[in-house]
Amino acid sequence: MRRRRAAAFSAVAAGLMTVTSACGLVGESEGAPAPSSREPAPPFTTQTVADEIAGFARAGGLPEGDTSTAGLPEGEWRKCVVPWTGEAPAAGAAGAFEGTVLRLRQHDWEIVSSHAEQDVTYRTLAKRGWKLYARHHAVKGAGQTVSLTAVEDGCRLPGKIRSTYEDPA
């Protein structure tokens, strides 16, 4: 009788250990580091940059923006520039601008410079070979404009265009 009880106890104990071990493994996976991927990051193309800018602008609370280069000089430089400009309601423009910058930063865009002059807030960010020139123009009585213009490193911009995009500080 004792043998049967001991055998039954051992079987139950083994079953509990298996169940306990399995539960422990599930709980431990939360703290375990994810396996590292040895695959290279996908290319950070003009289209990828354009999609990020438009998506984060919308998520930040900005309206649809204009992504055209209409009215700007022709040239090869257009292949390495991603423009986005939008008019924002005055009441929420500053918050939407900062919300967009926050979302960009949360997705690996790093702040290079940040300052304000009169009615313009400047933020310059960088990511994987691109600079993003973010501007919030809050001209009293004239509306609020936000521009987010990414320029690929090494892009040869005409002087007039370069001075429009780059941070004056």
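**Exercise 1.** Describe the hairpin formed by β3 and β4.

Solution. Start with the turn: β3 and β4 form a hairpin with 2 residues between them, and Gln 118 in that turn has a positive phi of about 45°. Strands here are DSSP runs of E with at least two residues, and helices are runs of H or I with at least four, numbered from the N terminus. Next, take the pairing, which requires at least two DSSP bridges between two strands. Strand β3 (residues 110-117) and strand β4 (residues 120-127) run antiparallel and are joined by 7 bridges.

The model is predicted, with local features needing pLDDT of at least 70 and side-chain atom pairs counting only at pLDDT 80 or more, while totals for chains, interfaces and linings use all residues. Residues are numbered from 1 along each chain as its sequence is written, and side-chain values use heavy atoms, leaving out hydrogens and water.

**Exercise 2.** Find which element of the chain has the lowest mean pLDDT and which the highest.

Solution. pLDDT is the predictor's confidence in each residue, from 0 to 100. For the chain, the mean is 80, and 77% of residues reach 70 or more. Where pLDDT is low, the predicted coordinates should not be read in detail.
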